[in-house]
Amino acid sequence: MSKVLVVTSGKGGVGKTTSTAAIGAALASCGEKVVVVDFDVGLRNLDLVMGAERRVVFDLISVVQGNAKLAQALIRDKRVENLSLLAASQTRDKDALTEEGVARVIAELREKFDWVICDSPAGIERGATLAMRHADLAVVVTNPEVSSVRDSDRIIGLLDSKTEKAERGERMEKHLLLTRFDPIRAARGDMLSKEDVLEILSIPLLGIIPESQEVLRASNMGAPVTLNSPMSAPARAYMDAARRLKGESVEIAVPTERKTLLNKLFGRRAAA
Amino acid sequence: MKRIQSSPPRRSPVNRRLAPTRRPLADVRKAEVAALFAELWEQSLKSDGLRRVESLRRAEALASKAGAEEATVAAGDVAPCLFIDRPVRSGQSIRFPEGSVTIFGSVSSGAEIVAGGSIHVYGALRGRAFAGFGGDSGARIICSSLDPELLVINGLYTTADEIAASLRNKPAQVRVDGQAMSVTALD
């Protein structure tokens, strides 16, 4: 039973692409067949984070417009064999996406993979609405600050009205992924707390990803953080989130750097 | 909540001082609210006094189906009441000029509720609420937590800045008292 998951947020720069790559890689390393699809046509980034930018020949637009077969456009990951990427086109814009074309591609991907993870562009326009259109469930990526929370709220409203599932009268499954979370600043009140965000958005929490240098480092290396430094705090948080998506019940905690065995052995100071 | 059944809601001293919210406001703001109100009027009148956005349409469609769990329109010989059984999100707008609106959930900042009658929110009211839309000064706005962007009852309005801090984020009732808006705590 394949699932189409949209990673969305409304606001830009909150971590949609990073989260798509990290969760995709985490699910794939659990043995699931996963494809990550970049819907940010014109501003493609997912290929960079996945380290596949040199291998993009055909992309989502070529397949949507029928210029290439799906099999030609799928890029197999070199590190995890169950993981594939469908890149966006950098030279086109969102108008190149047609509703029927996207529906056809998603239907084809459903047959081949257990998880189809759609990386939504920021905003609430065509690209974002098409990315969420066929989803079975959504991960709403939110930073603990007011503008991100309000934009997420708006996106949840759209998920509840503009998706195929909503139009059929079914309830869209939505999960909150709180990213760039700094427990120390939240405790000081410089940042919204987990409770504040949950109170406003009132959807279930999928995970809390702590703010960490490892995330940026992994992106620059062209690898999902869950593969680049699997023992780091954000990687473990993403791994837990992936397991929750699979239906396992994992207690929600904010992993910290200091818990790792290596750090303990070498007595290194944990990153704050 | 018990108190309101037996005796009228207690009014805090702070609120009494605040009560004449009708103190002259900058003309610009007045004009803005007037324009907003006129726009809402127009939109509602254009389609036989009824224009509802997608959320409401969907709510109705759901109500007509068997489940009818998300939203129901209760109509009898009395004024109809619209029930919304989920939060109203930023950017959504619920318009029901025919009667009252009751929401089981919060109204987010950036959302708006327009009701011909009263508005009841069993959750936090963080958006804009227009009650008594169409001329009912007896309409009220009642919520479990008051933190609104704008409160309007039949053209009289007040913003969050004008509400005493002691009343914010608490259960409250808003109504028209003479020519002024009156905000009172519910407990």
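Predicted model: local features only at pLDDT ≥ 70, side-chain atom pairs only at ≥ 80, totals over all residues.
Among contacts in chain B between residues at least 6 apart in sequence, what percentage join residues at least 24 apart? The figure is 33%.

Chain B has 187 residues, and 49% of them count as buried. Its secondary structure consists of 4 helices and 12 strands.

Now to chain A, starting with its sheet. This is an open sheet of 8 strands with mixed pairing, and the order is E3-E4-E2-E5-E1-E6-E7-E8. Why is one side of E3 and of E8 left without a neighbour in the sheet? Strand E3, residues 75-76, and strand E8, residues 205-210, stand at the edges of the sheet in chain A, and each has a single partner strand, so one side of each has no neighbour there. As background, strands of a sheet pair through backbone hydrogen bonds, either parallel or antiparallel. In chain A, strand E2 (residues 34-38) and strand E5 (residues 115-119) run parallel and are joined by 5 bridges. Within this pair, A:Val35 stands opposite A:Val116 of E5.

Next, the helices that lie across these strands. Helix H5 of chain A, residues 99-112, lies across E1, E2, E4 and E5, and runs at about 145° to E5. Helix H7 of chain A lies across E1, E6 and E7, at about 165° to E6.

In soluble globular proteins, nonpolar side chains tend to be buried together. Here the largest nonpolar core has 47 residues, and those touching the most other members are A:Phe39, A:Leu86, A:Leu97 and A:Leu109. Helix H7 of chain A, residues 146-159, gives the most to this core, with 5 residues. There is also a second, separate core of 37 residues, which includes A:Ala21, A:Met50, A:Leu137 and A:Val225. Going back to A:Leu86, its contacts beyond four places in sequence include A:Val35, A:Val37, A:Leu60, A:Leu74 and A:Leu109.

Last, the annotations. An unreviewed UniProt entry gives residues 5-225 of chain A as "domain: CobQ/CobB/MinD/ParA nucleotide binding". That span is 41% helix and 19% strand, and its end C-alpha atoms lie 19 Å apart. From UniProt, again an unreviewed entry, comes the feature "binding site" at A:Lys11, A:Gly12, A:Gly13, A:Val14, A:Gly15, A:Lys16, A:Thr17 and A:Thr18.

Take two of these residues. A:Gly12 is in the loop between E1 and helix H1 of chain A, and A:Val14 lies in the loop between E1 and H1 as well. Is A:Val14 buried or exposed? A:Val14 has a relative accessible area of 2%, so it is buried. A:Gly12 has 36% relative accessibility and therefore counts as partly exposed.

What does A:Val14 touch, not counting residues up to four places away in sequence? The list is A:Ser9, A:Val141, A:Asn143, A:Ser148, A:Thr179 and A:Arg180. A:Ser148 is found in helix H7 of chain A. With a relative accessible area of 0%, A:Ser148 is buried. Leaving aside neighbours within four places, A:Ser148 is in contact with A:Lys11, A:Val14, A:Thr142 and A:Asn143. That is where I will stop.

Conventions:
Residues numbered from 1 in each chain as written. Chains lettered and ligands numbered in written order. Heavy atoms only, no water. Helix = DSSP H or I, 4+ residues; strand = E, 2+ residues; numbered from the N terminus. Buried < 20%, exposed > 50% of the residue type's maximum accessible area, 1.4 Å probe, protein only. Contact = heavy atoms within 4.5 Å. Core = buried A, V, L, I, M, F, W, Y, C linked by side-chain atoms within 4.5 Å. Pairing = 2+ DSSP bridges. Axes fitted to C-alpha atoms, helices over the stretch in contact; angles between N-to-C directions. UniProt positions renumbered as here; feature names shortened; annotations may be inferred.
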